[in-house]
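Colleague: I'd like to learn how to read surface features and charged pairs in a model like this one. Could you walk me through it?

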Amino acid sequence: AGAGDDRTLSEEEYRAARAQFERSDRQRIREHGTQLMDVVWNLSNVPPGQEMNALGYVGPLTTHAQGLQSACADEGIIFNLNDRLGN
């Protein structure tokens, strides 16, 4: 979801996804997952015509997406971020 995307993240979806990460008993999954959801939520709320403002989220998005992938791998859950991001 986000600038230039037809699919938007509803507040209910954001809260539900974030809550799943908040309940994790794994600190790194909890940390990266909640912060990743916060970044995604902020990106989904970038107003049309202000897409350049989204550039500030690129670093945190990458950091927390990779951190979540690593934290999940530590638990034996392997996934490819490119598959999840539609690349």
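Modeller: Let's begin with Val58, which lies in helix 3. Helices (H or I, at least four residues) and strands (E, at least two) are DSSP runs, numbered from the N terminus. This is a predicted model, so local features need pLDDT of at least 70 and side-chain atom pairs count only at pLDDT 80 or more, while totals for chains, interfaces and linings use all residues. Residues are numbered from 1 along each chain as its sequence is written, and side-chain values use heavy atoms, with hydrogens and water left out.

Colleague: Does Val58 count as buried, partly exposed or exposed, and what is its relative accessibility?

Modeller: Buried means under 20% relative accessible area, exposed means over 50%, and partly exposed is in between (1.4 Å probe, protein chains only). Val58, at 44% relative accessibility, is therefore partly exposed.

Colleague: Which residues make the nonpolar surface patch?

Modeller: Patches are made of residues with over 30% relative accessible area and no salt bridge; like charges are joined within 9 Å, and nonpolar side chains (Val, Leu, Ile, Met, Phe, Trp, Tyr) within 5 Å. Here Met52, Leu55 and Val58 make a patch of about 320 Å². Accessible areas come from the Shrake-Rupley method with a 1.4 Å probe; for residues, only the protein chains shown count as cover.

Colleague: Now the charged pairs: how many salt bridges are there?

Modeller: Side chains of opposite charge can pair when their charged atoms come close. The rule for a salt bridge is a side-chain nitrogen of Lys or Arg within 4 Å of a carboxyl oxygen of Asp or Glu. By this rule the count is 6. One of them joins Asp38 and Arg18, at 2.6 Å from N to O. Asp38 sits in helix 2 (residues 27-44) and Arg18 in helix 1 (residues 11-22), so this pair ties together parts 20 residues apart in sequence. Asp38 itself is partly exposed, at 21% relative accessible area.

Colleague: Which residues are linked with Asp38 in a network of salt bridges?

Modeller: Arg18 and Glu22 share that network with Asp38.

Colleague: What ties helix 2 to helix 3?

Modeller: Look at Arg28 and Asp74, whose closest N and O atoms are 2.4 Å apart in a salt bridge. Arg28 belongs to helix 2 and Asp74 to helix 3, so the pair ties together parts 46 residues apart in sequence. Arg28 is partly exposed at 32%, whereas Asp74 counts as exposed at 54%.
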